[in-house]
Amino acid sequence: MTAVAEAAAKSKVTKSSSGDQISNPNGKVWFYSLLLTLQYGAQPLISKRCTGRDVIVTSVVLTCEVVKVICALLLMAKDGTLKKLFREWTLVGSLTASGLPAAIYALQNSLLQISYRNLDSLTFSMLNQTKLFFTAFFTYMILRQKQSIQQIGALFLLILAAVLLSVGEGSSKASSSSNPEEILFRGIIPVLVASVLSGLASALCQWASQVKKHTSYLMTVEMSIIGSLCLMASFYKSPDGETIRQHGFFYDWTPLTLIPVIFNAVGGILVGLVTSYAGGVRKGFVIVSALLVTALLQFVFDGKPPSLYCLVALPLVITSVSVYQKYPYGVKAKEA
């Protein structure tokens, strides 16, 4: 009886950790998944409508990081890990685990803020999905995690969709834009570079979680603080720093500017919650659903149907993300 009970307990833990089966499914999983779907899907549209073109990008990113820290600390206080953090936390351990990812994410967030303003919402969302490819690439390079044949095929589909969007959006908007180069250099290129940085930072965070045993909340706090310090250090030389000195930190802000800031910060927390409660499979469905939410919101609020290039690329992105999440590399099958 003891052996049977032990085997059952191990099976339960394995199912829970894999994320494919939740040992105690409840409303929290669906609630967090729904919130994250809405946040992913609405973020580009909200940022574009609520953030003025003259708002200083660095001020938006820094404020978002502050909100992230506050949310993460409140959640740590709620689950009782905050006191343990103060007893065990060290500066060296923090810099080793979170220093480089924090600096990368700070640059990535700045690039995303620039791209939000120069691409339509659906195009941005689909180009942003290329981070899945770069995450897989850097995860293999750093952690040697392999991909299945289906996952490799899905990644090529994703690249094809990104190429379609890059070429298509640049050419289709050239006739209607007074400065078509701005679409490429301040829209498409920033979001693709941000995707590369996101993949690298995700792999480094996974390494820190496995090797340094950092929790997701602790990583959020450390990376937000370190990233904010990196941004503030750039004030001396950056154009944003000069603008802040001339016009003030909250130049061209309105009360509406806080909406995308809070949305973005809460989204960072929700990613950790969904992954913790439901695993990667559910998160994959969230990402796909968010693309549909973006297309719907753009049509409803902007009255703008998706372009032909978006219509062609959308099923490629949906198929790619779905296949990638459904067919993971079979490590256990090969080892058995």
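Is Ile152 counted as buried, partly exposed or exposed, and at what relative accessibility? Ile152 counts as partly exposed, at 36% relative accessibility, where buried means under 20% relative accessible area, exposed over 50%, and partly exposed in between (1.4 Å probe, protein chains only). The structure is a predicted model, in which local features need pLDDT of at least 70 and side-chain atom pairs count only at pLDDT 80 or more, while totals for chains, interfaces and linings use all residues. Residues are numbered from 1 along each chain as its sequence is written, and side-chain values use heavy atoms, with hydrogens and water left out.

The mean pLDDT of the protein is 75, and 79% of the residues score at least 70; pLDDT is the predictor's confidence in each residue, from 0 to 100. Helices are DSSP runs (H or I, at least four residues), numbered from the N terminus. Over residues 1–25 the pLDDT stays under 50, and the model has eleven contacts beyond four places in sequence for this stretch, a contact being heavy atoms within 4.5 Å. Residues 332–336 also have pLDDT below 50, with two contacts beyond near neighbours in sequence. Where pLDDT is low, the predicted coordinates should not be read in detail.

Ile152 is located in helix 8 (residues 149–172). Together with Ile149, Phe156, Ile159 and Val163, Ile152 forms a nonpolar surface patch with about 490 Å² of accessible area. Areas come from the Shrake-Rupley method with a 1.4 Å probe.

Ser320, in helix 13 (residues 308–326), is buried, with a relative accessible area of 0%. Beyond its neighbours within four places in sequence, Ser320 is in contact with Ala154, Leu155, Leu157 and Leu158.

Gly227 belongs to helix 10 (residues 216–233) and is buried, at a relative accessible area of 3%. Apart from neighbours within four places in sequence, Gly227 contacts Ala102 and Ala106. Gly227 and Ser98 are 129 residues apart along the chain, with 9.3 Å between their C-alpha atoms.

Ile259, in helix 12 (residues 258–302), is partly exposed, with a relative accessible area of 34%. The C-alpha atoms of Ile259 and Ile46 are 7.6 Å apart, and the two residues are 213 apart in sequence.

Note on methods: Helices (H or I, at least four residues) and strands (E, at least two) are DSSP runs, numbered from the N terminus. Patches are made of residues with over 30% relative accessible area and no salt bridge: like charges are joined within 9 Å, nonpolar side chains (Val, Leu, Ile, Met, Phe, Trp, Tyr) within 5 Å. A salt bridge is a side-chain nitrogen of Lys or Arg within 4 Å of a carboxyl oxygen of Asp or Glu.
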